[in-house]
Amino acid sequence: MSFRPAQGAGTGSRTDPGGDRISPLTGGRVPGHIAIIMDGNGRWATERGLPRAAGHRAGAENIRRVTERFHEHDVRYVTLFAFSTENWNRPPSEVSVIFQLIDRFLRRELDNMQRDNVRVRHFGHLEQLPEPLAERINHAVEVTRRNDGLMLNICLSYGSRDEIVTAVRRIAEAGVPADEIDEATISANLLTGGLPDPDLVIRTAGDQRISNFLLWQNAYAELYFTSAYWPDFGREDIDLALAEYGRRKRKFGRLLPEDLARFEDA
Ligand code: FPP
């Protein structure tokens with residue numbers, strides 16, 4: 001029995017190590033693309049005797065701090081998991097608070113993002129969102145379209161399995177023959193089509209799972225879990241996460257040159 005990878009397998013479907021950047025702050029290797037599961041807003045608030053809404057507010061305020069620090073390290077893409085398709089099961093009052101905070105963030109930060117050359121994009125079901133919020137997002141995406149500095153992707157009403165199903169349907173509807181579908185075809189038809197895959201996934205607040213976030217794109221991402229709640233995840237935590245990333249050996253299933261040499265010596 002022989003195994004031949006599907007045509008195009010391994011091309012265009014992941015970020016090669018070249019996706020890394022060199023941080024001007026540390027001179028170390030940093031990820032080109034970081035994806036973040038911002039967890040722990042509720043626990044942050046509860047531990048302070050505050051309503052959960054206060055945790056989301058503190059979480060929303062942290063986004064600016066975090067993106068600024070990534071920008072200083074020359075990270076190019078930051079993708080935030082702001083609201084999942086499963087988060088619709090939360091009480092309507094909590095959903096409403098989260099949407100208000102996102103609306104406020106985009107309203108308040110638009111001028112700063114223009115000044116800082118930040119491009120905003122949205123991944124997820126815009127049509128499921130309240131119309132004013134959908135308009136706010138469209139406006140931010142449109143206004144920042146030509147910015148070519150840091151790209152801030154906001155996943156909102158997003159689920160990865162749903163994204164993959166939609167991509168497969170699009171490919172089928174386009175009538176692509178089965179034997180022409182390869183990894184690059186799937187990648188190109190995802191919402192993230194054209195973007196490099198995340199190099200690093202950060203999840204705050206202690207849980208160690210991916211929660212239906214960029215399942216295809218994260219195939220070779222390094223995973224970093226921290227016990228810090230999202231509102232507390234600050235500049236020092238970022239620096240620690242990036243330093244840890246710099247120590248990781250990314251192999252993409254291959255052997256590293258030093259391992260290859262050892263193999264040949266044997
Ligand atoms: C997870 O904490 C957090 C969320 C589901 C919402 C994240 C949303 C924001 C930070 C609002 C702002 C977003 C943008 C893009 C401006 P949790 O509520 O699950 O916390 P818990 O696990 O401690 O209960």
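A residue is called buried if 20 or more other C-beta atoms, placed from the backbone, lie within 10 Å of its own, exposed if 12 or fewer do, and partly exposed in between. The structure is a predicted model, in which local features need pLDDT of at least 70 and side-chain atom pairs count only at pLDDT 80 or more, while totals for chains, interfaces and linings use all residues. Residues are numbered from 1 along each chain as its sequence is written.

Select Val120, which lies in strand S5 (residues 119-123), strands being DSSP runs of E with at least two residues and helices runs of H or I with at least four, numbered from the N terminus. Val120 is buried, because 22 other C-beta atoms lie within 10 Å. Leaving aside neighbours within four places in sequence, Val120 is in contact (C-beta atoms, placed from the backbone, within 7 Å) with Met113, Ala140, Val141, Thr144, Leu152 and Ile154.

Next, select helix H2 (residues 52-72) and helix H3 (residues 92-115), whose axes come within 10 Å and cross at roughly 25 degrees; the axes are lines fitted to C-alpha atoms over the stretch in contact, with angles running from 0 to 180 degrees between N-to-C directions. H2 and H3 are therefore roughly parallel to each other, a term for angles under 35 degrees. Where they meet, the residues of H2 include Arg52, His56 and Ile63, and those of H3 include Glu94, Leu101 and Phe105.

Finally, turn to the ligand, which 19 residues surround, the closest being Gly42, Arg43, Gly59, Ala60 and Phe105; a residue is near the ligand if its C-beta atom, placed from the backbone, lies within 6 Å. Helix H1 (41-46), H2, strand S4 (77-84) and H3 each supply at least two residues of this shell.

Conventions
Angles under 35 degrees count as roughly parallel, over 145 as roughly antiparallel, 65 to 115 as roughly perpendicular and the rest as oblique. Two residues are in contact if their C-beta atoms, placed from the backbone, lie within 7 Å.
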